[in-house]
Amino acid sequence: MTQPMLLTRRDDVFITGELLSRSLSQPDLAREKLAIQDLAASMVDDPDRVLPRFVELAMELTGGTSAGLSLLEERPAPGVFRWHNVCGALKAFEGATTPRHHSPCGVTLDEASPVLTRHAERIYAWISDASIVVPEVLLVPLYLGGKDPLGTLWIVSDEDGHFNGAHARCATELATFVGIALRMTRAESQLRQALDKQQTIAREMSHRVKNLFALANSMIRFGLKSARDKEDLAAGLSGRLHALASAHTLVLASEEDSAVTDLAALIRSIVEPHEMAGEGALSRFSLTGPTLACAASAVSGMALVFNELATNATKYGALTSEAGHVAIDWHQEGEDVVLRWTETGGAPIEAEPARHGFGTRLLDSTIVRQLKGTFTHDWLSGGVVVTITIPAGILAVQS
Ligand SMILES: Nc1ncnc2c1ncn2[C@@H]1O[C@H](COP(=O)(O)OP(=O)(O)O)[C@@H](O)[C@H]1O
Ligand SMILES: [Mg+2]
């Protein structure tokens, strides 16, 4: 018969002191040693087996009828314990949750030492509501090292007066060993993850290096066809390689602090060398537009495009005269990002140029083929206006 709840005092349920006063059962040290060996073997061969095996062995060695782990889930606050690896009579309750601050497990974590309860269902309604009767429960805290508890191991006995200090010692020793085993498994899997990440980075880098060589190769082949002379070829190549190097630096920096490359920072780093005015703020370029995260896959292409535009402005356009200015602005328009390059103050343009050189081909292969966008040149008498449209999903990282 269950006693009426109100008449049961907390001290009648928490009887940890009895662990000391009851006479000790004879420990079976050989079996305990085998249990530790068993756990050590699981740790090496099948780490997922460590916890279930631990619960089974703890139940067996202490003569319990049911046992399980209550693992602490801190979120959402104030947290709950979830039952795992339940074996024996209460197996059907696998996955059940119990309150962090209203359960024998909570008391065990607060006390940070073994706890013994007698008929805990008499003061915890959530136990009696589930029609569970637990004459005695021995609980020991489980740590993964350090002070943060993982949860508790609990072992139920159907017999009043069953558990004694020898059982508590044995369960605590197993729990300590399991804590260490889990810590080592965790350290090993962290190490493995770190190595996997290294390998991914190495593969990714090798992929990028190959791409860069292919790009440099095509820049040389096409540059040879369109360059007027050796100097023209050298200057063009050197400018493009610089643009690629800046883009690469930005991509690496953004990867290191797991940020993304800011479009404005990218454009700025490419046009800066064309400023000629030395260090400091841009005076011949103005950049206007919302903060946009440029996808790593688009960074090299964008760098090459802006390098071509800036080189042309310096060779033929606004930047040939001292009063010349380039306004760069961008905005989102539906599914696209629209970027505009507007030159003013240079020598007046009389007509659309008759010949297209490598620069135009590079814009075509980068914007149209690589970034799936479009571009147009408006040859206004005041200066050229280049409008570039690129799908936002390709250019930008969606946050
Ligand atoms: N910003 C500009 N202002 C005026 N004319 C330009 C500008 N950019 C390009 N052009 C003209 O368009 C032509 C084609 O440019 P481009 O395809 O980049 O080839 P390249 O730079 O090798 O001549 C240039 O030769 C030049 O006459
Ligand atoms: Mg050009």
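This is a predicted model: local features need pLDDT of at least 70, side-chain atom pairs count only at pLDDT 80 or more; totals for chains, interfaces and linings use all residues.
1. α3 and α7 are roughly parallel to each other, because the angle between them, about 15 degrees, is under 35 degrees, and that is how the pair is classed. Their axes lie 10 Å apart.

2. Helix α3 covers residues 29-45. The crossing of α3 past α7 is right-handed. From α3, the contact uses Glu-32, Ala-35, Ile-36, Leu-39 and Met-43. From α7, the partners are Cys-170, Leu-174, Phe-177, Val-178, Ala-181 and Thr-185. What kinds of residue make up the contact of α3 with α7? Nine are nonpolar, one is polar and one is charged.

3. Strand β1 (residues 66-73) runs antiparallel to strand β2 (residues 80-88), and seven bridges link them. Start at Glu-73: its bridge partner in β2 is Val-80. As background, strands of a sheet pair through backbone hydrogen bonds, either parallel or antiparallel.

4. Step back to the whole chain. The protein is divided into domain 1 (5-189) and domain 2 (227-395).

5. Next comes a second open sheet. Its five strands follow the order β8-β10-β11-β13-β12. Here the pairing is mixed. The edge strands are β8 (285-288) and β12, each pairing on one side only. The twist averages 15 degrees from one strand to the next.

6. Check two pairings that involve β13. Strand β12 (residues 374-380) and strand β13 (residues 383-391) are antiparallel, with seven bridges. A hairpin of two residues joins β12 to β13. Leu-380 stands opposite Gly-383 in β13. Strand β11 (residues 336-344) also pairs with β13 in the antiparallel sense, again over seven bridges. There, Thr-342 faces Val-385 of β13.

7. Helix α9 (residues 263-271) lies across β8 and β10 (325-333). It runs at about 170 degrees to β8.

8. Finish with another helix pair. Helix α10 (residues 296-315) and helix α11 (residues 358-370) have axes that come within 10 Å and cross at roughly 150 degrees. That angle makes α10 roughly antiparallel to α11. The crossing of α10 past α11 is left-handed.

9. Which residues of α10 meet α11? They are Gly-301, Leu-304, Val-305, Glu-308 and Asn-312. On the α11 side stand Gly-359, Leu-362, Leu-363, Thr-366, Ile-367 and Gln-370. The contact of α10 with α11 divides into five nonpolar, five polar and one charged residue.

Technical notes. Residues are numbered from 1 along each chain as its sequence is written. Chains are lettered from A and ligands numbered from 1 in the order in which they are written. Domain bounds come from an automatic or database domain assignment. Axes are lines fitted to C-alpha atoms, for helices over the stretch in contact, and angles run from 0 to 180 degrees between N-to-C directions. Helices (H or I, at least four residues) and strands (E, at least two) are DSSP runs, numbered from the N terminus. Angles under 35 degrees count as roughly parallel, over 145 as roughly antiparallel, 65 to 115 as roughly perpendicular and the rest as oblique. A crossing is left-handed if the near helix is turned anticlockwise from the far one by less than a right angle, and right-handed if clockwise. Two residues are in contact if their C-beta atoms, placed from the backbone, lie within 7 Å. Ala, Val, Leu, Ile, Met, Phe, Trp, Tyr, Cys and Pro count as nonpolar, Asp, Glu, Lys and Arg as charged, and the others, Gly among them, as polar. Two strands pair if DSSP finds at least two bridges between them.
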